Amino acid sequence: MRNKRNVTPLSIFVCIFLLALSMFSVFLIFGKRNQPNPLERATDRKSFIVVIGKSDTSAFWQSVSSGAHAAAAEYNLDMNFVAPASEEDYEAQNSMIRAAIMGQARAIIFSAIDYNANAEAINEAIEAGIPVIVIDSDVNSEGVSCRIMTDNYLAGRMAGEQAVRNNLGTLTVGVVNYDVNSANGQQREQGFCDAVNESGRVADIYTVNCLSTEESAYECTTELLNEHPEINTIAALNELMSLGSGYAVRDLGVADEVDIYAFDSNVVSVGMLETGEIEGLVVQNPYAMGYLGVETAYRLINDLPLSSDHIDTTTTYVSASNMYDTNIQRMVFRFEG
Amino acid sequence: MFKRLKRADFSLSKAMTMVVVIMVFTAVIIALVIFNTVFRDSLEEAAITSADQSVEQVSVTINNYTSDMIEIMDKLYTNSIEDPSSQEELFRNLIDIRNDVVMVATYDVHNNNTGIWSNYPTKEMIYTNLSLFPVPDSGEVINISAPHVVSVLENYYPWVVTITKTADETFSNAAKIAIDVRFSAIARYIDEVGIGRHGYCFIMDGDGNIIYHPQQQLIYAGLKREMPDLMTLSDGSHMIDGVIYTVKTLDNCDWKIIGVAYLDETVNERVSAMISASVLIFIIVVLMTFVSSSLFSYLFTKPAKKLAHAMKDFEDNAADFVFEPIEGSVEVNNLSDSFEHLVKRIQRLMEEVKNEETTLRKTELKALQAQINPHFLYNTLDSISWMCEEGKNEEAVAMVNALAKLFRISISRGHEIIPIEKEVQHAECYLQIQKYRYTNHFDYEFEVEESCKEYLCNKITLQPLIENALYHGLNMIDEGHIAIRIFEDGEDVIMEVEDNGSGMTEEQVEELFVNDGTDHHGIGVKNVNDRIKIYFGDKYGIKVRSELDEGTCVTIRIPKITEERKYEK
């Protein structure tokens, strides 16, 4: 009896000691793995995120993509950039969102082709617990974690103010807009129209909504100019609209009579600055959008605080006179890797 | 006082916990300090060395690249001078062979373009030519421009650096040759360079403008900024806010290679990992210490406290104390068992002492009572009175003196132990009185060793034995003889009372030690024996040797105890 009583506390002590020892060694093993910095730690299982753009061919979206890639490399995320073949195809975007939900993405960075039609799929993602970050153009959803975009209204105003400044006579304005359901196109149009209207020298504003393709823009612009030859100012509200309008003006031979204020840049539209079809370009900061989008995703995944749920990216006005300034060069002409 | 307070404040388990915690804490702190000082220095050094090496390598590569280009330029130049007719073919070949040469252009002395050779279509109308820029007009100087886009090609704007060579003489209507070399080759190389985990290299010109930066897109997009005053740094490594900047100026142009390495990530991370590991170790050790100390306390401290309480209780009330065994470690159990044993033993001894005390008082009282036996007194006084009547005054006086001495020694001021000398006198007095009374019915002799007289014995030891001998032994005998002998026997003293009386059977002898002498003949052998044993211990006492019709010898054994050493036993 006495013997037994003596053994019990001793064995308890030994058990506790062994338990502590094993816990400690377990910690050491896992601790060693956790020692390297947070970026390297994730190498075992990188967080998978998806960036869904509107297009993967335009210079704008290529720049978004390279910004996103740069951030993904820096924050060691497994990033996938996808975009529909056409900038009109919101259905394809919706299926990409659903694929991202199925693929258990940790975050979705999204640019909506259609403000309303993409909302349902985005809400599904948010309900599935995937944070959504909107870049470039907004979607009609309450649950979006962060919006990173150009202040499109201000960008429109910027173009409008330049138009007013450059033309001291009566302005007859043609607006070549794309999808009527795209939020940022509408905001730019609003900003542009407000700015020119404030001058009090506007005779008329004619708006066309075409498909978001170069060909459609070309046809719309040609048609518009044929119908209203008095138009002397055109606002082309995105990259493809700029090209379509530029070509139309060039082919109609009215480059000197018509000033085009366009959005975004690529090598062709920059060339048109020199040749005179396009008067000015409002250049956004797509690289920053891509980069900040992924950086924000990283912060959300790792429960780090966000500075704000809305980040405005910068815009720059580029004209023939400043296009070769060092800073503008760096912004407008992509560096081929 | 202070010591006592201190002693009371710390329990063993608390002290143990404190000691272990302090020891581990100190060890961890020392380890951290050593790690921080020794390893931080060496890691810093290693980081700087690796940054130096990387930057050196980059500068060598870029130097090679630019020298290569300058060499090509020199060849073009000399060939053009020697054989102007081959110039056209030379340029064509160059742009065909070297994919990184985008364009070759020549200009006349007025900077008018005199020819462009390129694999890409040129613009119909050239508004701006960024590849043409003013160079110092100083002979055969080769000039390398900052990166810029080529602005003369149709829908193609590659980033290039322009290498320009100005001639002091015209060669086939060209005073200046410019080669536009793709910058992407250098850029791609710079992109690949890594220093440490996060470090990188970038190129800056002498005015602090960034020529190429791996993250230039971020810088241009306003998302990143380099330190503004880097151009003021001299060549070599500089440590600014935990960032190592390594600067190296290229040999053949005013570009600087700047390596950026973060010390934080290499050193601070390890230190913080070490700190967190240490903190964890510390916590685990503290937890383990608490567990072990509580176990220790459960096994030892608490039982020890209980035991201490029990001891205190025992101290306060020894007689009624009931000990409940305390359970703990083996040591505590042993202590508990020993204490239990001790308690029982002490309680038994206390009981014994109490009983003995009682017995002693009783027996002493009896002995005294026996001395003041009224019969003896009455008879003696009767004898004295008779002597007086007969005119035997001297005898009467001796008798009275003997009686007085007898009582004086009997009482002995209340002492139980008296010197043997006194006891012998006592016995003598008694015998004297009895001899007067039983005139010459018996005689007696004393053989007392002088050395024995100082030793102590119980009072009224010899007298009862002599009384027994007189009344029972010599009762029927006319010539009775009593011998009293006192002598040493090793460590003991032997007192013998021998008579030549009727003797006793063994049963009678045994009865002597049972009968407690309550009969009318005063106190018995038992009383004397009991008193000796109570005072001196069980190994001492009375032995009786007797044979019928031969006589009886009563032997008393007591230890040698002197007045001075009375209380030692």
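Since the model is predicted, local features need pLDDT of at least 70 and side-chain atom pairs count only at pLDDT 80 or more, while totals for chains, interfaces and linings use all residues. Residues are numbered from 1 along each chain as its sequence is written, and chains are lettered from A and ligands numbered from 1 in the order in which they are written.

Let's start with chain B as a whole. Its secondary structure comes to 13 helices and 18 strands; helices (H or I, at least four residues) and strands (E, at least two) are DSSP runs, numbered from the N terminus. Chain B has 569 residues, and 31% of them are buried. Buried here is a count: 20 or more other C-beta atoms within 10 Å of the residue's own, with 12 or fewer called exposed, anything in between partly exposed, and C-beta atoms placed from the backbone. If you take the contacts in chain B with a separation of 6 or more, 64% are between residues 24 or more positions apart. For contact, read C-beta atoms, placed from the backbone, within 7 Å.

Now a sheet in chain B. In what order do the five strands of the open sheet run? The order is β8-β7-β11-β10-β9, and the pairing is antiparallel. At the edges you find β8 (210-212) and β9 (236-240) of chain B, each with a single partner strand, so one side of each has no neighbour in the sheet. On average, neighbouring strands in this sheet are turned by 35° against each other, direction ignored. Pairing, by the way, means that DSSP finds at least two bridges between two strands. β9(B) has five of them to β10 (residues 243-249) of chain B, running antiparallel, and one bridge pair there is B:Met239 with B:Ile244.

Over in chain A, have a look at strand β5 (residues 146-150). It's mostly covered, with five of its five residues buried. Strand β4 (residues 132-135) of chain A runs parallel to β5(A) and is joined to it by three bridges; A:Ile135 has A:Ile148 as its partner. β5(A) also has four bridges to strand β11 (residues 310-313) of chain A, again parallel, and there A:Thr150 stands opposite A:Thr313.

Staying in chain A, on to helices. The axes of α9 (residues 239-252) and α10 (residues 267-275) of chain A come within 9 Å and cross at roughly 45°. Axes are lines fitted to C-alpha atoms, for helices over the stretch in contact, with angles from 0 to 180 degrees between N-to-C directions. The residues in contact are A:Ser242, A:Leu243 and A:Gly246 from α9(A), and A:Val268, A:Ser269 and A:Met272 from α10(A). By class, that's three nonpolar, three polar and no charged residues. Nonpolar covers Ala, Val, Leu, Ile, Met, Phe, Trp, Tyr, Cys and Pro; charged is Asp, Glu, Lys and Arg; the others, Gly among them, are polar.

Just after the helix, A:Gly276 takes a positive phi of about 100°.

Back in chain B, α12 (residues 506-514) and α13 (residues 525-536) pack at an angle of about 60°, axes 6 Å apart, which makes them oblique too. B:Leu512, B:Phe513 and B:Val514 in α12(B) meet B:Val525, B:Lys526 and B:Asn529 in α13(B).

Last stop, the contact between the chains. How many residues does each chain give? Chain B gives 35 and chain A gives 31. On chain B's side, the largest share is eleven residues, from α6(B). That side divides into 21 nonpolar, nine polar and five charged residues.

Note on methods:
Two residues are in contact if their C-beta atoms, placed from the backbone, lie within 7 Å. Angles under 35 degrees count as roughly parallel, over 145 as roughly antiparallel, 65 to 115 as roughly perpendicular and the rest as oblique.
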